[in-house]
Amino acid sequence: MLLLPLLLLAACSPEQDFPPRVIEPRRFEEDAPRGETLMKRALLTMHNTARLSARVPELAWDDALARDATAYARELARRGVFEHSKQPRGNPPQGENLWTGTHGAYRYDEMAQHWIDEQRFFVNNPIPNVSRSGKFGDVGHYTQIVWRSTTRVGCGFASNRRDDYLVCRYTPAGNVFGQRALP
């Protein structure tokens, strides 16, 4: 008799085709510091430090790209989803990097560092064959950051009660099929 309720419960439970949610431990007591000026400074510094290491020119901040990125970050937070925006984005086309994590658990520089850490898998071959792992997704954020012809970046940030969302937009867009990220 006990078996029937367990079978019914199992049959009514939604299937999970994704891993269980992980709530990251915080490295500090309060939420990570936030603010537009702090975000701009941290992200531009992180991007340009990575570009300096790759021997490509620095990026300039673009307020129009930042507005587009902020609007999309707000949409992601409102909808509670994590997905790239529809292409093409903008005119001229914009590249896009996305990041999400537990609300308040990460500083802006830590968010960008996740993208930059992809450098360990990077091989400067034509897109999409740029990863030691064989998976473009393992390096695609990094390649957009260091893409040789990209000159401008703008980022936006939004949160909901559960998650933070960071969106950065780039022009000219990188990750062009058949081209190399670096000279």
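**Salt bridges in the predicted model**

A network of salt bridges links Glu75, Arg79 and Glu83. Here a salt bridge is a side-chain nitrogen of Lys or Arg within 4 Å of a carboxyl oxygen of Asp or Glu. By this rule, seven salt bridges are counted.

The structure is a predicted model, in which local features need pLDDT of at least 70 and side-chain atom pairs count only at pLDDT 80 or more, while totals for chains, interfaces and linings use all residues. Residues are numbered from 1 along each chain as its sequence is written, and side-chain values use heavy atoms, with hydrogens and water left out.

One of the pairs joins glutamate 96 to arginine 169, with 2.9 Å between the closest N and O atoms. This pair links distant parts of the chain, 73 residues apart: glutamate 96 lies in strand E2 (residues 95-102) and arginine 169 in strand E4 (residues 163-171). Helices (H or I, at least four residues) and strands (E, at least two) are DSSP runs, numbered from the N terminus. Glutamate 96 and arginine 169 are both buried, where buried means under 20% relative accessible area, exposed over 50%, and partly exposed in between (1.4 Å probe, protein chains only).

Aspartate 109 pairs with arginine 107 in another salt bridge, the closest N and O atoms being 3.1 Å apart. Aspartate 109 is partly exposed, at a relative accessible area of 27%, and arginine 107 is also partly exposed, at 32%. A further salt bridge, at 3.3 Å from N to O, brings together the side chains of arginine 162 and aspartate 163. Aspartate 163 counts as buried because its relative accessibility is 7%.
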